[in-house]
Structures are given as structure tokens and as C-alpha cells.
Amino acid sequence: MAPRLRGCLVGAVVAGGLFLLGLALLLPRGDQRAGPQPTASATETGKSPAPSASASAQVVDERRLDERRLELTIRSPALGDETTKVRLLLPRDWESRRDWPVLWLLHGGLDDYTSWTGKTDVADLARDSGVMVVMPDGGKCGSYSDWWNDGDGGPPRWETYHLRELLPLLEARYRAGPRRAIAGYSMGGQGAMLYAAKGYFKAAASFSGAVNILAPGVPQAVMAGTAVGCFGTDWKRIWGDPEAQREIWRAHNPYDQAEKLKGVELYVAAGEGDLVEDLANRAAHSFADHLRDLDIPVRTHFYRGGHNHTYWQRELHRAYPMLLAAIGTR
């Protein structure tokens, strides 16, 4: 199959969390019936909620890759007692304090927790910023959601793992503080907005994100993307059928959760120039327009460019001052 045709097939997937990009970047994966709820939201209190204690997730391996990169292997009950990894970029003099401001970076589909440091200059960007960067794995096509699984719930529960297990673990044992920002590309852009809507982050940025998964054509892209990118996986395990389980889809659609983003500093960017990115662009425009209809401020950047790390690195640089300012580092 020609590379361009393959990119179109995989790429049509800007789905509700499943954008696929050619060989390398699908998107999200799903949720179940009842995702975890924080004790309070940013909308209600104007500040991040305290994370729930989670003694059940266990660090089974800890490796210092170099002076700043620390990699953890974690056994997660939310993921069915499977192990998963997270990479941390530590600030200078990391051991000098216990409450570092934190920036979470979420990867896109078909990528993993190594993609931000492997494909962008984030290590250099954050070197002197006084921020801890957290890059968790989110599954090849995980959609930063707890899977519906025909209404039975159960693993994989990515949202539960990230917000109820990993987040408090980092604060209890790895010097992460309560001031948090989040950003992500493609599938990770959807995840960033969904997690921010839960009240855990003071700022959120989406780069080419799946921020309106119920836009025309997108549910079909989810189905196709799951079939191609996660061969053998029934796409309905994620959020069910988009008509029969409409409310579950809405619960995982940043567009439908937009009102919960009041009080969060927001940045939304997307390009225009290939099949996947054009779909992301339409989703981003509709999401940003909806935010403005709700009188929720949002910074946007729309440009000519494709669905790849060249542009996501550039957008991280553009959003970075806003993200850090929101958590008090600049």
C-alpha cells in the first residue's frame, strides 16, 4: 500500500479519541460507565482538587536514565494489574523541595510515553523552567478513558490510573506539587481537555486534538481507526455505540464537557494540510467556538501544517509560557 494511501486510511481517525496517523500516531481509547470524579472541580473552587489517596498502584521498577530523566514502571489495578510506564523530566535541584509545579504531556495514538522526549525538544525547553514534566503511557489507542466494555466497565481504565493512581503517587513519593498544567497532541489533546474538565489542572492545551468526537464523520473514523490501529479490538468497547450509548460519548467529548473548563487557562491549536489534520482542524474550530459561546476564554492558533511532531513541538513552545504562568513558574 502506498504511504500516502496508508496515511489516509489510518489517518482519517481523528475520532473521539482515536486519531490515527499513518504508521505512528493513532489516537485515543475509551471509557466505561462511570469515570472517577474528583472531590471538587476547578469550576466550583477555582483550584485543583486534592487527589484521592491510592496505595494500590505499586512502583515495581525505577530507573534513572540520565541526570534528568527518571523512568518508573508501575503495576496498576486500574489496568488489570498490568504494568505500565511513565517518564519524568526532573527540574534542577529536584531533591531541594517537595512540591514542584507539574506539567503533564500526553501522547497521541500509536505513540507511547517516550514520544515527547524522543520526538521533540521538550527536555531542552524545560531545562531551566523549574517544572517537573510527567509523560505517562496512555495506551496505543486508549483515549484517556475508562473503557465501557459493554456496560461492564473494568480494565483498561486509563483515566482512573492517571488521576486516581499515578497523580497521587507522584505527589506522595516523587515531589510533585498540586499546581498542575496539561497538554497533549492528537489523542492526547482530547485527554488533556477531558482531564482538565475533571478539575485537576489549572491550564490545558490541545495540539491537533480530538476535541469534538461527535462531529459529523468522526464516530465512523473512530470505528475505522480502532480497526486499523488496534487490530482485533472491538471499537465499541471504548464508549459503546455513538447512538445507543450517546451519553457515554458525550461524557468523553471535550465539546460536551466544555462548561466544566471555566476557570482553566486554555490553548487550542490545529493545522490544515493533510486528511487527519483537516479533521482535527474542524474539531478544534467547533470546540473553540463553543467555548466562546459559553464565555470561556481560549487562545487559539490555526495554521498551515500537517499532523506530525514538527508542528506539535512548535505549538508546545507557543503554549509553554501560558502553561507555566498558570502554575506559578513564570
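Are Trp 158 and Tyr 161 buried or exposed? The close-ups below, all taken from a predicted model, start with this pair.

**View 1. Trp 158 and Tyr 161 share helix α5.** Both residues are buried. Along the helix they are three residues apart, about one turn.

**View 2. Tyr 144 and Tyr 195 form an aromatic pair.** A search of the whole structure turns up eight aromatic pairs. In this one, the rings sit edge-to-face, with 90° between the planes and 6.0 Å from centre to centre. Here the pair links distant parts of the chain: Tyr 144 belongs to the loop between β5 (132-136) and α5 (158-173), while Tyr 195 belongs to helix α6 (residues 187-197), and 51 residues separate the two. Tyr 144 and Tyr 195 are both buried.

**View 3. Three aromatic residues come together in one cluster.** Look here for Trp 116, Tyr 185 and Trp 312, which make up the cluster.

**View 4. Arg 97 meets the ring of Trp 100.** The charged end of Arg 97 is placed over that ring, 4.8 Å from its centre.

**View 5. Arg 175 lies over the face of Trp 94.** In this close-up, the distance to the ring centre of Trp 94 is 5.7 Å.

Key
Residues are numbered from 1 along each chain as its sequence is written. This is a predicted model: local features need pLDDT of at least 70, side-chain atom pairs count only at pLDDT 80 or more; totals for chains, interfaces and linings use all residues. Side-chain values use heavy atoms; hydrogens and water are left out. Rings of Phe, Tyr and Trp (its six-membered ring) pair if their centres lie within 6.5 Å; planes under 30 degrees apart count as stacked, over 60 as edge-to-face and the rest as tilted. Helices (H or I, at least four residues) and strands (E, at least two) are DSSP runs, numbered from the N terminus. Buried means under 20% relative accessible area, exposed over 50%, partly exposed in between (1.4 Å probe, protein chains only). A charge sits over a ring if NZ of Lys or CZ of Arg is within 6 Å of the ring centre and within 35 degrees of the ring normal.
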